[in-house]
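The structure under discussion is shown below.

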Amino acid sequence: MSKQTRIKRITAADIAARKGSEPIVALTAYDAPTAEILDEHCDVLLVGDSVGMVVHGLPSTVGVTIEMMILHGQAVMRGARKAMVVVDMPFGSYEESREQAFANASRIMKETGAQAIKIESGTYAAETVAFLVERGIPVMGHIGLRPQAVNVAGGFRAKGRSNQEWADVLEEAEATAKAGAFAIVVEGVAEDLANQITAAVSVPTIGIGASSSCDGQILVTQDMLGLFDWTPKFVKRYGDLKSVIDKAASEYAAEVRSRSFPAEGQVYSLKPKLVGDTA
């Protein structure tokens, strides 16, 4: 590829520099074809551990493994050329120690080629974030509603609706930013709290169920496209993909059963024999 046509991929430094300026556009991606489509429109593609629920049908993200994240991360990297690709650290891959976190994060980055990892960063994880950043691994934090902690929280519920929760989430954000994260996902928190967090930290906030005042926004792509009957309150459906797939599958099934598919245009025929062809 020539220098004139080479595309420069967005980096952690580029995203960090967007604090208070042009909003950051982010979506999840788990496969190469989808990543190729989204790459034209997004600054960040997150290979989220939501893949466990969205693609693999798991009840939560707790069952997701490093191997799953690497497999999907590799696929997304094949499809994306411009957007920064961030891969989630799954549950159990970084909580035990800073050394465990570095071993698994470096493996993910080596085997996928992704530009950063993301961890659900309660205050306990601040030392881990700093440890990773000091060793050359860009870290995106994730505070507020933390899906990996669903069993402790008692379900997927918004955070920051009490004075104590408000203080706890704000502390998470400040500790994560101070530790060196280049951006922070703020999920499922009261709008006023998201506004305060965005004003309080020096790095970009990327909201999901937070506030339009965040420095960017992210949604699960399949939620945004309307692939499921139920989606969280904070999701706006920009498409109705489930109906499109259902209609296409219905038409296909009907044509197969009526033997109208495949038709003449979808089958092969022998090539006419050319004069002098002795084959």
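In this predicted model, Asp49 has a relative accessibility of 5% and counts as buried, because the cut-off for that class is under 20%. Asp49 sits in the loop that joins strand S2 (44-47) to helix H3 (51-54). An unreviewed UniProt entry includes Asp49 in a "binding site" annotation, together with Asp88 and Glu120. These positions are spread over 72 residues of sequence, yet they cluster in space, with a largest C-alpha distance of 10.7 Å.

- Asp88 is part of strand S3, which covers residues 84-88.
- With a relative accessibility of 3%, Asp88 also falls under the 20% limit and therefore counts as buried.
- A polar atom of the Asp88 side chain lies 2.8 Å from the backbone nitrogen of Asp49.
- Beyond neighbours within four places in sequence, Asp88 is in contact with Leu46, Val47, Gly48, Asp49, Met69, Ile108 and Lys118.

**Nonpolar cores**

- The largest nonpolar core has 60 residues, and those touching the most other members are Leu45, Met84, Ile117 and Phe182.
- Helix H4 (residues 66-79) gives the most to this core, contributing six residues.
- Another core, of 15 residues, lies apart from the largest one and includes Val169, Leu193, Ala194 and Ala210.

**Contacts of Met84**

- Leaving aside neighbours within four places in sequence, Met84 is in contact with residues including Arg9, Ile10, Thr11, Ala12 and Ile15.
- Among the other contacts of Met84 are Asp43, Val44, Leu45, Gln115, Ala116 and Phe182.

Methods: Residues are numbered from 1 along each chain as its sequence is written. This is a predicted model: local features need pLDDT of at least 70, side-chain atom pairs count only at pLDDT 80 or more; totals for chains, interfaces and linings use all residues. Side-chain values use heavy atoms; hydrogens and water are left out. UniProt positions are given in the numbering used here, feature names are shortened, and annotations may be inferred rather than shown by experiment. Helices (H or I, at least four residues) and strands (E, at least two) are DSSP runs, numbered from the N terminus. Buried means under 20% relative accessible area, exposed over 50%, partly exposed in between (1.4 Å probe, protein chains only). Contact means heavy atoms within 4.5 Å. A polar contact is a pair of N or O atoms within 3.5 Å; within protein, one must be able to donate a hydrogen and the other to accept it, and residues adjacent in sequence count only if both atoms are side-chain atoms. A nonpolar core is a set of buried Ala, Val, Leu, Ile, Met, Phe, Trp, Tyr and Cys residues joined through side-chain atoms within 4.5 Å.
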